[in-house]
Amino acid sequence: MRFGFFGGNGIKVGQVLGIPIRLDLSFFLVFALLVFVIATQAQILPDDLDGLGGAEPWLYGVVGGAVYFLSLLVHELAHSLMARRYGMEVSSITLFFFGGVSLIREDSQRPGQEFWIAIVGPLASVALGVVFLIVAIVALTPDSALHNIVFVLGILNCFLAGFNMLPGFPLDGGRVLRSLVWRITGSRHRATRASARLGQILGAIMILYGIGGIVTDAAIFDAGLNSLWVALIGFLLMTQAAQGVKAAELERDLAGLRVGELMLEPPVARTAEAELPVRILAPSRSQLNQQDVFIVTEGGIAVGIASAVQIILLDEERYQSDRLRDIMLDANQVQPLGPDARADEALRRLQRERTFVLPVVERGRLLGVVGLEQILKALGQGPSPRLDPSSGA
């Protein structure tokens with residue numbers, strides 16, 4: 001799964017291939033539950049397994065739980081490495097209570113990218129599941145503790161792949177569906193809306209199914225905790241899908257706007273020398289207007305661009321020591337936008353290039369700059385709240 005439901009960044013436990021790995025607090029709850037299930041279910045571990053002073057079943061439980069969550073990590077790494085193959089930056093992977101999220105800093109630019117990034121995770125889970133099942137059936141003694149645990153891990157990985165391939169955003173299957181609709185219609189926001197609507201329907205069905213299992217004894221429903229679990233997952237899926245619908249509507253609105261309509265024109269975009277200390281340019285950060293943008297020059301030639309937001313976010317040490325040259329985005333790294341460029345393209349560029357503003361240029365002449373705040377205002381979201389410089393960079 002490539003979506004998360006819990007706030008915060010989680011607890012960093014290391015990194016794999018340069019990607020930070022984090023654990024959401026909910027991870028520990030489900031890990032403990034999985035260990036308990038493995039250690040106490042007679043269908044998994046033999047009743048006479050009581051070595052190590054009775055701790056042997058719990059040891060099997062810990063190992064089985066750890067291997068399952070390593071399987072989740074492999075699933076997410078598959079997404080992340082495929083995204084990297086397309087030149088996208090992966091900030092981190094977080095594992096939480098029934099899956100994980102690969103934080104990819106930008107959206108796919110083409111349907112083919114979306115398809116392969118989405119489908120490779122379930123394919124990895126299927127491959128792991130098949131390997132576990134083959135090992136259990138071919139190489140291990142039937143009904144032994146190790147055989148049963150490996151067999152269960154195979155089933156869990158296959159279930160993980162199957163669940164993720166359900167056709168509703170933001171599940172992987174929903175993203176695969178979005179890629180196909182995107183290719184057919186040529187419209188990403190239409191594809192997102194269609195996939196997210198299906199995600200809402202799927203979430204609603206899971207909620208109803210879960211409630212049915214809680215309040216009735218009908219044979220078609222599971223009972224007790226399983227039903228509650230299904231309802232919870234359905235609620236979270238429905239919530240995330242609703243956000244997908246909203247994102248699609250915003251993308252549609254942005255597609256109808258042009259950068260020239262949103263940009264800030266000079267003198268809001270001011271010029272300043274590259275060697276000027278930040279503390280001299282902005283003696284009082286609390287008085288900075290977040291719309292201010294500085295074209296950084298050297299000998300009368302523009303060499304970069306900096307924003308008031310960058311200055312506000314500097315920690316105190318850098319605020320006192322840095323010059324504009326130290327915080328600017330180098331002009332060689334900035335490809336300007338034309339005034340007729342679409343606002344959704346500007347938003348993707350801001351995300352991909354991790355900058356606060358982009359210059360708007362026509363026939364070599366600077367017309368202005370556009371940033372996230374102008375895009376939010378155009379969507380009726382209003383300006384972002386004033387940032388607190390004490391929060392650090």
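Which residue takes a positive phi in the hairpin of β1 and β2? L17 does, near 55 degrees, in a hairpin with 2 residues between the strands.

## Basis of the model

This is a predicted model: local features need pLDDT of at least 70, side-chain atom pairs count only at pLDDT 80 or more, and totals for chains, interfaces and linings use all residues. Residues are numbered from 1 along each chain as its sequence is written, and side-chain values use heavy atoms, with hydrogens and water left out.

## Overall make-up

The protein holds 14 helices and 10 strands. These are DSSP runs numbered from the N terminus: helices are H or I with at least four residues, strands are E with at least two. Of the 393 residues, 47% are buried. Buried means under 20% relative accessible area, exposed means over 50%, and partly exposed lies in between, with a 1.4 Å probe and protein chains only.

The accessible surface is about 19,400 Å². Carbon and sulfur atoms account for 61% of that surface. Areas come from the Shrake-Rupley method with a 1.4 Å probe; for residues, only the protein chains shown count as cover. Take the contacts between residues at least 6 apart in sequence: 64% of them join residues at least 24 apart. Contact means heavy atoms within 4.5 Å.

## The four-stranded sheet

An open sheet of 4 strands runs in the order β1-β2-β3-β4, with mixed pairing. Its edge strands are β1 (11–16) and β4 (99–104), and each pairs on one side only. Neighbouring strands are turned by 25 degrees against each other on average, direction ignored. Two strands pair if DSSP finds at least two bridges between them. Strands of a sheet pair through backbone hydrogen bonds, either parallel or antiparallel.

β1 and β2 are antiparallel, with 5 bridges. K12 stands opposite R22 in β2. β2 and β3 are parallel, with 3 bridges. R22 has T94 as its bridge partner in β3. β3 (residues 90–96) and β4 run antiparallel and share 6 bridges. There, F96 stands opposite G99 in β4.

## Burial and exposure in the sheet

β2 is mostly covered, with 4 of its 5 residues buried. S92 sits in strand β3. Its relative accessibility is 9%, so S92 counts as buried. Leaving out residues up to four places away in sequence, S92 touches I19, P20, R22, V101, S102 and L103.

L17 lies in the loop between β1 and β2. Its positive phi occurs in a residue other than glycine. L17 counts as exposed, because its relative accessibility is 55%.

## Helix α2 against the sheet

Which strands does α2 touch as it packs on the sheet? The helix touches β1, β2 (19–23), β3 and β4. Its direction makes about 160 degrees with that of β3. Axes are lines fitted to C-alpha atoms, for helices over the stretch in contact, and angles run from 0 to 180 degrees between N-to-C directions.

S80 belongs to α2 (residues 56–85). S80 is buried because its relative accessible area is 0%. Beyond its neighbours within four places in sequence, S80 contacts I19, V90, I93 and S102.

## Helices α3 and α5

α3 (residues 111–139) and α5 (residues 172–185) pack at about 160 degrees, with axes 8 Å apart. The two helices are therefore roughly antiparallel. Angles under 35 degrees count as roughly parallel, over 145 as roughly antiparallel, 65 to 115 as roughly perpendicular and the rest as oblique. The crossing is left-handed: the near helix is turned anticlockwise from the far one by less than a right angle.

P111, G112, E114, F115, A118, I119 and P122 form the α3 side of this packing. Facing them in α5 are D172, R175, V176, R178, S179, L180, W182 and R183.

## Two local details

A cis peptide bond joins F169 and P170, with omega about 10 degrees. P170 lies in the loop between α4 (145–164) and α5.

I211 is in helix α6 (residues 188–215). At 41% relative accessible area, I211 is partly exposed. The C-alpha atoms of I211 and V230 are separated by 8.7 Å, and the two residues are 19 residues apart along the chain.
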